[in-house]
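Subject: Structure for your review

Dear colleague,

Please find below the sequence and the structure that I am handing over to you. I would ask you to keep both in view while you read the notes.

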Amino acid sequence: MEYNDSPSMEQKRYVASVCPEYRSRVVALSESIAEEEQMISCDGCIHWNNGRCVIFDEVLTGIDQT
Ligand code: SF4
């Protein structure tokens, strides 16, 4: 599996749902918004940078650190 440029919305949602580093940008900015109300996706993560994240590919391909 290789995803080079723009990951799909589905991929970003999947990755964010399993990513240990996911942190909602909106929740980080506003404590009054509950995390459950957000759509979880890399797009909303504080680590997402210009369509990239250093660990995105690793999460997408399924890292197992246990
Ligand atoms: S942007 Fe990076 S840190 Fe954030 S959920 Fe996606 S892969 Fe994880």
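The notes below set out what was found, beginning with the source of the model.

This is a predicted model, in which local features need pLDDT of at least 70, side-chain atom pairs count only at pLDDT 80 or more, and totals for chains, interfaces and linings use all residues. Residues are numbered from 1 along each chain as its sequence is written.

Overall layout

The protein contains three helices and zero strands, and along the sequence its pattern reads α-α-α. Helices (H or I, at least four residues) and strands (E, at least two) are DSSP runs, numbered from the N terminus. Of the 66 residues of the protein, 21% count as buried. A residue is called buried if 20 or more other C-beta atoms lie within 10 Å of its own, exposed if 12 or fewer do, and partly exposed in between, with the C-beta atoms placed from the backbone. Two residues are in contact if their C-beta atoms, also placed from the backbone, lie within 7 Å. Among the contacts in the protein with a separation of 6 or more, 50% are made by residues 24 or more positions apart.

The ligand

Which residues are the closest to the ligand? They are Cys-19, Cys-42, Cys-45, His-47 and Cys-53, out of 13 residues that surround the ligand. Helix H1 (9-18) and helix H3 (56-60) each supply at least two residues of the shell.

The nonpolar core

A nonpolar core is a set of buried Ala, Val, Leu, Ile, Met, Phe, Trp, Tyr and Cys residues joined through C-beta atoms within 7 Å. The largest one has 10 residues, namely Val-15, Ala-16, Cys-19, Tyr-22, Cys-42, Cys-45, Cys-53, Phe-56, Val-59 and Leu-60. H1 and H3 each supply at least two residues of this core, and the largest share, three residues, comes from H3.

In H1, the residues Lys-12, Val-15 and Ala-16 are buried. They lie on the same side of H1 because they cover an arc of only 100° around the axis, the arc being that of the directions from the helix axis to the C-beta atoms. The face turned away from this buried side carries the exposed residues Glu-10, Ser-17 and Val-18. H3 is included in what covers the buried residues of H1.

Val-15, which has its place in helix H1, counts as buried because it has 25 C-beta neighbours inside 10 Å. Leaving aside residues up to four places away in sequence, Val-15 touches Cys-42, Phe-56, Val-59 and Leu-60. Val-15 and Glu-58 are 43 residues apart in sequence, and their C-alpha atoms are 9.3 Å apart in space. With residues up to four places away again not counted, Val-59 touches Val-15, Val-18 and Cys-19.

Helix H3 and the segment after it

Thr-61 lies in the segment after H3 and is exposed, with 11 other C-beta atoms within 10 Å. The C-alpha atoms of Thr-61 and Val-15 are separated by 9.2 Å, although the two residues are 46 apart along the chain.

Leu-29 belongs to helix H2 (residues 25-29). Leu-29 is exposed because 9 other C-beta atoms lie within 10 Å. From C-alpha to C-alpha, Leu-29 and Ile-46 are 9.9 Å apart, and they are 17 residues apart in sequence. Asn-50 is found in the loop between H2 and H3. Asn-50 has a positive phi of about 55° although it is not a glycine, and with 5 C-beta neighbours inside 10 Å it counts as exposed.

Yours sincerely

Definitions and conventions: Near = placed C-beta within 6 Å.
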